[in-house]
Amino acid sequence: MLKEEKGITLVALIITIIVLIILAAVTIMSFRESGIINTAVNGTINYAKAQEDEKIKMDQLDDDLQAILQRINSIQNPAPSVAPTPTNP
């Protein structure tokens, strides 16, 4: 009487691992050749530059807005003018 074997054999497991390694190598090589990694790196750099430019513009706009608000405030609430003190000789 033969005993039934259950599960996978060691040979099948090794073949599966080898196939996965080959697929991973092919995928990595295709990423390198297509320039996808370089494109992602360049996109990250461009995004950082755009963020810096936007921050500079927003800071300038904030400064301009504060100056406008100060002018409006000075128009609405003018500083009291000091009348000259009359002198009696």
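Asp59 is partly exposed, at 38% relative accessible area (buried is under 20%, exposed over 50%, partly exposed in between, using a 1.4 Å probe and protein chains only). Lys55 is exposed, at 52%. The side chains of these two, Lys55 and Asp59, meet in a salt bridge at 3.1 Å, N to O; the term takes a side-chain nitrogen of Lys or Arg within 4 Å of a carboxyl oxygen of Asp or Glu. Search the whole structure and you find one salt bridge. Lys55 and Asp59 sit about one helical turn apart, because four residues separate them in helix H2 (residues 36–76).

A word on what you're looking at: this is a predicted model, where local features need pLDDT of at least 70, side-chain atom pairs count only at pLDDT 80 or more, and totals for chains, interfaces and linings use all residues. Residues are numbered from 1 along each chain as its sequence is written, and side-chain values use heavy atoms, with hydrogens and water left out.

Now for H1, residues 10–34; helices here are DSSP runs of H or I, at least four residues, numbered from the N terminus. Its 25 residues should span 36 Å at 1.5 Å a residue, and the end C-alpha atoms of H1 are 36 Å apart, so the two agree (the expected span is 1.5 Å times one less than the number of residues). After H1 comes Gly35, with a positive phi near 80°.

Leu13, in H1, counts as partly exposed at 38% relative accessibility.

Note on methods:
Helices (H or I, at least four residues) and strands (E, at least two) are DSSP runs, numbered from the N terminus.
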